[in-house]
Amino acid sequence: MAPQYRERTFIAVKPDGVHRHIIGDIIKRFEQKGFKLVAMKFTQADDALLQKHYSALSKKPFFPDLIKYMSSGPVCAMVWEGLNVVKTGRTMLGATNPMDSAPGTIRGDFCVQVGRNICHGSDSVESANTEVALWFKPAELVNWDPVAKPWVYEDD
Ligand code: UDP
């Protein structure tokens, strides 16, 4: 598989998305887009993991509430792979604040307020690599070739 098709991003359904039964809708959008699921775990994240995950935001006033929110229940953590998946994944999620998220995006369609915005997606290839390594062991990332691959990509 050509390297540009192997880009990966870390996507998570946050506790509010889990409680509101939106896991399936979010998976469905990434599947039907043509991206490939590489890893998935349903897990209760502890504060240490979440503080590392959101370390760039540690000085923000909303940081304590963010950690409380993210540790308040289980999350569905995933790795998705495909051409331009980091940027496209962010577009599919929609703006961070659902008040600004366009209809048709996940946040635009399923949530209302920034502190309950139901999903996470890596914001760059570099942070995707860091986040995938933080949430998953290498052995948890599955190498497989979907039979639909030649129907998604022109030249591979
Ligand atoms: N957040 C918040 N209040 C804010 C900004 C962000 O509660 O004013 C939360 C929100 O859940 C967001 C997360 O902090 O998804 C991380 O913020 P970031 O700016 O990294 O946005 P994201 O990358 O998640 O779109």
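**Active-site residue, cores and pocket in a predicted model**

His120 lies in strand β4, residues 119-121. Helices (H or I, at least four residues) and strands (E, at least two) are DSSP runs, numbered from the N terminus. The model is predicted: local features need a pLDDT of at least 70, side-chain atom pairs count only at pLDDT 80 or more, and totals for chains, interfaces and linings use all residues. Residues are numbered from 1 along each chain as its sequence is written, and side-chain values use heavy atoms, with hydrogens and water left out. The chain averages a pLDDT (the predictor's confidence in each residue, from 0 to 100) of 97. A score of at least 70 is reached by 99% of the residues. The complex has an ipTM of 0.98 and a pTM of 0.98 from the predictor.

UniProt, in an unreviewed entry, places the feature "active site" at His120. The record also lists residues 6-143 as "domain: Nucleoside diphosphate kinase-like", again in an unreviewed entry. UniProt positions are given in the numbering used here, feature names are shortened, and annotations may be inferred rather than shown by experiment. Over residues 6-143 the chain is 41% helix and 17% strand. The end C-alpha atoms of this stretch are 10 Å apart.

His120 has a relative accessible area of 10%, so this residue is buried. Buried means under 20% relative accessible area, exposed over 50%, and partly exposed in between (1.4 Å probe, protein chains only). Leaving aside neighbours within four places in sequence, His120 is in contact (heavy atoms within 4.5 Å) with Phe10, Ile11, Ala12, Lys14, His53, Tyr54, Leu93, Arg107 and Glu131.

The largest pocket holds about 770 Å³ of space. Its lining comprises 28 residues, of which Lys14, Tyr54, Leu57, Phe62 and Leu66 lie nearest its centre. The elements giving two or more residues to this lining are α3, α4, β4 and α7. A pocket is an open set of points on a 1 Å grid over the protein atoms alone, where a 1.4 Å probe fits, with protein on both sides within 12 Å along at least five of seven lines; lining residues have an atom within 4 Å of a point. Grid points are joined across faces, edges and corners, and a volume is the space filled by probe spheres set on the points.

The largest nonpolar core has 20 residues. Such a core is a set of buried Ala, Val, Leu, Ile, Met, Phe, Trp, Tyr and Cys residues joined through side-chain atoms within 4.5 Å. Phe10, Met70, Val79, Trp135, Phe136 and Leu141 touch the most other members. At least two residues each come from β1 (8-13), β2 (36-43), α3, α4 (63-70), β3 (75-81) and α7 (125-135). Helix α4 gives the most, with 5 residues. Apart from this core lies another, of 18 residues, among them Ile26, Ile27, Val85 and Cys111.

Leu50 is found in helix α3, residues 47-53. Its relative accessibility is 0%, so Leu50 counts as buried. Beyond residues up to four places away in sequence, Leu50 touches Ala45, Ile67, Met70, Ser71 and Trp135.

Most residues other than glycine have a negative phi. His21 sits in the loop between α1 (15-19) and α2 (23-33). At a relative accessible area of 69%, His21 is exposed. Asn84 is in the loop between β3 and α5 (85-93). With 37% relative accessibility, Asn84 is partly exposed.
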